[in-house]
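I opened a new notebook page for this structure.

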Amino acid sequence: MASANTSTTAEHLIWKGGVQPMKVGYGKLMMWIFLLSDTFTFSALLISYGLVRYSFPTFEGLRKNFEFSTTWWPIPERVFEAVPFLHGISAPLVFVGIMTFILIMSSVTMVLAVEAGHRRDKADVEKYMLWTILGGFAFLSSQAWEWGHFIHGTEEGLTLANGAKVFGANLVQNQYGPPAFADFFFFITGFHGTHVFSGVVLNILIFYNTANGVYEKRGHYDMIEKVGLYWHFVDLVWVFVFTFFYLV
Amino acid sequence: MAQHSENTEKLPAQTKEIWRTFWILLGITALEFLIAFTIDADQYKWTKVGIFIILTIVKAYFIVAIFMHLGSEVKALIWTVILPCIFVVWLIVALIVEGGYIGVERLFFN
């Protein structure tokens, strides 16, 4: 395969068989395949959310008269309207908007780190990786706050038909609607949060390696690109979760 | 890889497209909020849902094509990733319709 080696392809991107299927390195292609399988997992979660959601009735009246009930599916913007430090103020979707912004921003710093890696600029890679890690932690903290608020519920709670009161949500009862709504909230945002967490761990790992000059010695920053793909995927999933869980 | 280590001078950063994509994503998200708060959901519920889904796909396109560089990969890789996802769309439609039927059944038998 002498002809393959004389091409402009960098040596570390050639597979062991001497060729380069789909013109990418082995690790990057496998990352794409992994992300594809992860897409199926998240799709399965969101599709089952859609199925269960449409198996429940929607609130029939006008939106301004909306009340929480375990009979019909809640309107998400009535559920997620709290913001830290603004107790008692109804600010629908504002906090989720902030979380979305944090994640998009950290995706931008990640792609800047990848770009710095192409230029083999160690200082820039370190700088942008640190920002990305910070964004990841900011997102996880926001999510922890939102879970906390969702679990504790509002002061008024919900009075059931038999007179019992329900405060907040867990896997068996839910003041905002059918228990299935809370179950899906915990599973979908939880599964996404777990991905963000593993992403932060990977980011810390590659930041540590960059700082120690591992990639400089190796001669390329491909690892940044592969972990970057994963990080963007986490952002991508959030875009869908944001739409299908919070907006629609 | 020896030829790389001799090259110590800094190359100029090429971040123009990255920031352009960032502003597009931010703009779309802001637009989604604007629609969420200004369009009357009682009257135009499905219009809103439709707009949100279209904007989500536009956002996904920019993240995948620019941030994940899929747009600059070879066609074979693009289709390897996109084609299975198209089948997922079918599953979404099928199971949401199915969910409606489950709801009707539940209404009848409760």
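Helices here are DSSP runs of H or I, at least four residues long, numbered from the N terminus. The model is predicted.

**Entry: helix α5 of chain A**

I looked first at what follows the helix. Then I checked the length of α5(A). The helix holds 31 residues, 122-152, and at 1.5 Å a residue should span 45 Å; its end C-alpha atoms are 45 Å apart, so the two agree.

Next I asked which residues of α5(A) are buried. The list includes Val125(A), Tyr128(A), Met129(A), Thr132(A), Gly136(A), Phe139(A) and Phe150(A). Glu146(A) is buried as well. I found the buried residues of α5(A) packed against α4 (94-118), α6 (179-211) and α8 (222-247) of chain A.

**Entry: where chains A and B touch**

I looked up how many residues each chain brings to the contact. Chain B brings 45 residues and chain A brings 41 residues. On the chain B side, α2 (16-38), α3 (45-67) and α4 (75-109) each supply at least two residues. α4(B) gives the most, with 16 residues. By class, I noted 30 nonpolar, eight polar and seven charged residues on that side of chain B.

**Entry: Trp32(A)**

I found Trp32(A) in helix α2 (residues 26-55) of chain A. Is Trp32(A) buried or exposed? It has 20 C-beta neighbours inside 10 Å, so it counts as buried. Leu229(A) is 197 residues away along the chain, yet its C-alpha atom is 7.9 Å from that of Trp32(A). Leaving aside neighbours within four places in sequence, Trp32(A) is in contact with Leu77(B) and Val81(B).

Terms used: Residues are numbered from 1 along each chain as its sequence is written. Chains are lettered from A and ligands numbered from 1 in the order in which they are written. This is a predicted model: local features need pLDDT of at least 70, side-chain atom pairs count only at pLDDT 80 or more; totals for chains, interfaces and linings use all residues. The expected span of a helix is 1.5 Å times one less than its number of residues. A residue is buried if 20 or more other C-beta atoms lie within 10 Å of its own, exposed if 12 or fewer, and partly exposed in between; C-beta atoms are placed from the backbone. Two residues are in contact if their C-beta atoms, placed from the backbone, lie within 7 Å. Ala, Val, Leu, Ile, Met, Phe, Trp, Tyr, Cys and Pro count as nonpolar, Asp, Glu, Lys and Arg as charged, and the others, Gly among them, as polar.
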